[in-house]
Amino acid sequence: MQEANPNYKLIATMTDMASSHRPWTGETGLIDQQLLSRHLEEVEEAAKPIYYIAGPPGMVKGLHAMLNAAAVDDDDIRTEEFTGY
């Protein structure tokens, strides 16, 4: 998708590499302010990102609160909660 749309960027992260049986060269650890800061340093005001959060309810609520604390407006956040896994 990134090749088709230069305005789209996926940043995937693995939180528990010790349990993985496959190699991973991307981001590791939890999604936090430091991870976001590394990837958003050069974002221009006109290209303000929209944040998509999908996952377990606790993670979604926690990331939503972190983004709000970083002055991201709710209008720029989309969420979807998945339970049962």
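Analyst: The accessible surface of the protein chain comes to about 6900 Å². Carbon and sulfur atoms account for 53% of that surface. The model is a predicted one. The chain has 85 residues, and 15% of them count as buried. Its C-alpha trace spans about 40 × 30 × 25 Å along the principal axes.

Next, the layout. There are two helices and four strands in the protein chain. Along the sequence they follow the pattern β-β-α-β-α-β. Take the contacts between residues at least 6 apart in sequence: 41% of them join residues at least 24 apart.

Now the part you asked for. Strand β3, helix α2 and strand β4 make a β-α-β unit, and this unit is right-handed. Strand β3 covers residues 51-55. Helix α2 covers residues 57-69. Strand β4 covers residues 77-81. The two strands run parallel, and five bridges join them.

Look next at the loop between α2 and β4. Asp 76 is found there. Is Asp 76 buried or exposed? Asp 76 counts as buried because its relative accessibility is 14%, and the cut-off for buried is under 20%. Which residues does Asp 76 touch, leaving out those up to four places away in sequence? They are Lys 48, Pro 49, Ile 50 and Tyr 51. Tyr 51 lies in strand β3, which covers residues 51-55.

For contrast, turn to the segment before β1. Lys 9 is found in this segment. Lys 9 is exposed, because its relative accessible area is 54% and exposed means over 50%. Lys 9 touches Gln 2 and His 39, not counting residues up to four places away in sequence. Lys 9 and His 39 are 30 residues apart along the chain, yet their C-alpha atoms are separated by 9.7 Å.

Leu 10 also has its place in the segment before β1. Leu 10 counts as exposed, because its relative accessibility is 56%. Together with Met 1 and Tyr 8, Leu 10 makes a nonpolar surface patch of about 360 Å².

Definitions and conventions:
Residues are numbered from 1 along each chain as its sequence is written. This is a predicted model: local features need pLDDT of at least 70, side-chain atom pairs count only at pLDDT 80 or more; totals for chains, interfaces and linings use all residues. Side-chain values use heavy atoms; hydrogens and water are left out. Patches are made of residues with over 30% relative accessible area and no salt bridge: like charges are joined within 9 Å, nonpolar side chains (Val, Leu, Ile, Met, Phe, Trp, Tyr) within 5 Å. Accessible areas come from the Shrake-Rupley method with a 1.4 Å probe; for residues, only the protein chains shown count as cover. A salt bridge is a side-chain nitrogen of Lys or Arg within 4 Å of a carboxyl oxygen of Asp or Glu. Buried means under 20% relative accessible area, exposed over 50%, partly exposed in between (1.4 Å probe, protein chains only). Two strands pair if DSSP finds at least two bridges between them. A crossover is right-handed if, with the strands pointing away from the viewer, the path from the first strand over the helix to the second runs clockwise. Contact means heavy atoms within 4.5 Å.
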